[in-house]
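My notes follow in the order I made them.

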Amino acid sequence: MFPRGYVFSHKDGQSEHLFQHILPHSVSQQQRIEAHLNVTNFIGPTMNVPCLIPTYQWTPVEQPDASFSPSGVKGSNRKRRRDNRSQNDLKRQRFRSPGPHNQPARNANLTSQPATGPVSSKEICNSSSSVPTCSSATSKTGGCVPSLREGSHQSTIHPSSVNDKLSQQILDLFHACEQQNDDLEKKEHCRAALQRDIQTIFPCAQVFLAGSSLNGFGSRSSDADLCLVIEEGMVNHRTDAVYVLSLVRKLFYKLSYIERPQLIRAKVPILKFRDRVGGVEFDLNFNNTVGIRNTFLLRTYAYVEKRVRPIILVIKKWASHHRINDASRGTLSSYTLVLMVLHYLQTLPEPVIPCLQMDYPESFNPKMDIHLVPSGPSNIPTFVSKNQSSLGDLLLGFLKYYATVFKWDKHVISVREAKTLPKTSCREWRDKFICVEEPFDRTNTARAVHEKVKFEAIKAEFTESYQVLQLRKDLNFILPLKNTRPKR
């Protein structure tokens with residue numbers, strides 16, 4: 001069932017922390033605290049969480065919704081019988097943190113503690129009385145990326161970027177559709193509650209918010225992606241991930257604030273569900289930590305140049321309108337679309353954005369501890385581009401590039417190297433219609449496009465939209481604005 005013992009290690013009679021591989025002893029206590037603050041509990045009331053998770057007190061302080069409390073679990077809390085242990089009991093044991101950690105730490109509502117040197121994994125998981133947490137008074141970094149507690153912020157775009165009707169339409173649509181801070185709060189409240197409830201079966205588990213909710217390209221209607229991390233490492237998605245998510249699904253049936261949990265047994269299994277309180281749809285995966293890494297890479301690209309977010313959000317809306325933005329139906333995923341736009345902006349004669357992984361390799365090291373990933377790009381400055389093209393020109397240029405310039409049968413899109421790579425005969429690219437390199441694990445993010453008819457439909461939309469927009473210079477002709485703006 002679990003062919004790699006180092007992923008879910010368990011030694012009888014010992015208390016081994018499940019995160020021993022992802023929290024190295026060389027990482028200081030203060031580094032752990034600052035890293036956690038960037039990804040967990042950055043919004044919402046103070047939560048009772050295990051010692052591994054620092055709390056962040058939002059101002060003004062709100063009390064948790066009753067439905068998010070432990071009492072929100074429906075049904076009786078019957079204990080599992082200890083006698084007649086079955087094979088499933090032994091499987092379950094391998095995913096639990098053994099020893100005395102049967103319940104998450106209580107009353108973890110303390111202030112910051114000074115760093116006292118490296119912290120052992122056993123100290124982190126065992127300490128329930130002296131919990132290192134962070135207050136809201138932390139220093140502000142000098143980088144271009146806003147801290148997570150700031151949410152999205154309105155940035156002033158240079159007038160030359162909005163000097164025509166098409167550019168103004170793009171900017172107006174962006175402002176109407178971009179995710180608001182209250183949208184993010186709803187998702188974060190649910191994430192924090194889920195983490196607390198999941199820790200009743202996996203005491204050292206963490207739940208990370210990822211995807212468009214955090215990367216800067218989300219809209220008001222965006223679903224939320226969550227990553228459940230018990231221990232970083234390779235997992236067998238056909239066995240380990242399905243088994244863990246099955247246990248979580250059973251828990252979700254007992255939670256009053258969760259409805260319609262559904263396990264999708266895909267290549268990367270996900271648990272889909274809806275938050276009754278916030279009305280948000282969620283996708284929960286298990287240990288797909290590359291999604292956390294690319295979330296913060298994309299978040300840096302989103303804020304490194306002010307034109308990036310408006311142009312990408314509008315292109316996502318355009319693709320959805322033309323039904324070429326749905327990986328489950330054999331077309332482009334939103335992630336692939338974002339990478340395609342970033343690649344175009346990187347490869348212009350005068351680039352609009354830099355190549356972050358080449359210019360700041362230490363900030364996006366694929367082997368960086370997952371808990372330090374959110375703070376990795378915190379000091380990257382704004383990119384000053386010599387390219388002053390308007391939003392309208394960039395949208396038109398994007399459509400033209402993929403309609404007439406890019407060689408689909410010969411090239412692989414690489415944001416990691418800011419160029420096209422030759423399409424080789426290796427398994428990852430062979431017989432694939434569209435090849436887009438994932439910046440960290442270098443797999444093909446466009447593998448969902450596996451039917452020629454879908455590929456031809458995608459190319460046709462690029463060609464037709466380019467021709468129409470070049471002639472009309474009006475966004476309504478390729479994306480009806482009245483039907484795209486959210487209804488108030």
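The model is predicted, so local features need pLDDT of at least 70 and side-chain atom pairs count only at pLDDT 80 or more, while totals for chains, interfaces and linings use all residues. Residues are numbered from 1 along each chain as its sequence is written, and side-chain values use heavy atoms, with hydrogens and water left out.

**Entry 1: aromatic rings.** I paired rings of Phe, Tyr and Trp (its six-membered ring) if their centres lie within 6.5 Å; planes under 30 degrees apart count as stacked, over 60 as edge-to-face and the rest as tilted. The count comes to 16 aromatic pairs. I looked at one of them, Phe433 with Phe455, which is stacked at 5.3 Å centre to centre and 20 degrees between the planes. Phe433 sits in the loop between strand 7 (419-422) and helix 13 (452-472), and Phe455 lies in helix 13, 22 residues apart. Helices (H or I, at least four residues) and strands (E, at least two) are DSSP runs, numbered from the N terminus. Is Phe433 buried or partly exposed? Phe433 counts as partly exposed because its relative accessibility is 22%, whereas Phe455 is buried at 6%. Both belong to one aromatic cluster, whose members include Trp318, Tyr344 and Phe462.

**Entry 2: helix 12 and helix 13.** I noted that two packed helices are described by the angle between their axes and the distance between the axes. Axes are lines fitted to C-alpha atoms, for helices over the stretch in contact, and angles run from 0 to 180 degrees between N-to-C directions. Helix 12 (residues 391-405) packs with helix 13 at an angle of about 140 degrees, and their axes are 8 Å apart.

**Entry 3: strand 1.** I found that five of the five residues of strand 1 (residues 206-210) are buried. Gln206, Phe208 and Ala210 point one way, and Val207 and Leu209 the other way. Two strands pair if DSSP finds at least two bridges between them. Five bridges join strand 1 to strand 2 (residues 224-229), and the two run antiparallel. Which residue of strand 2 is the bridge partner of Phe208? The partner is Cys227.

**Entry 4: Glu231.** I located Glu231 in the loop between strand 2 and helix 7 (237-252). Glu231 is buried, with a relative accessible area of 0%.

Terms used:
Buried < 20%, exposed > 50% of the residue type's maximum accessible area, 1.4 Å probe, protein only.
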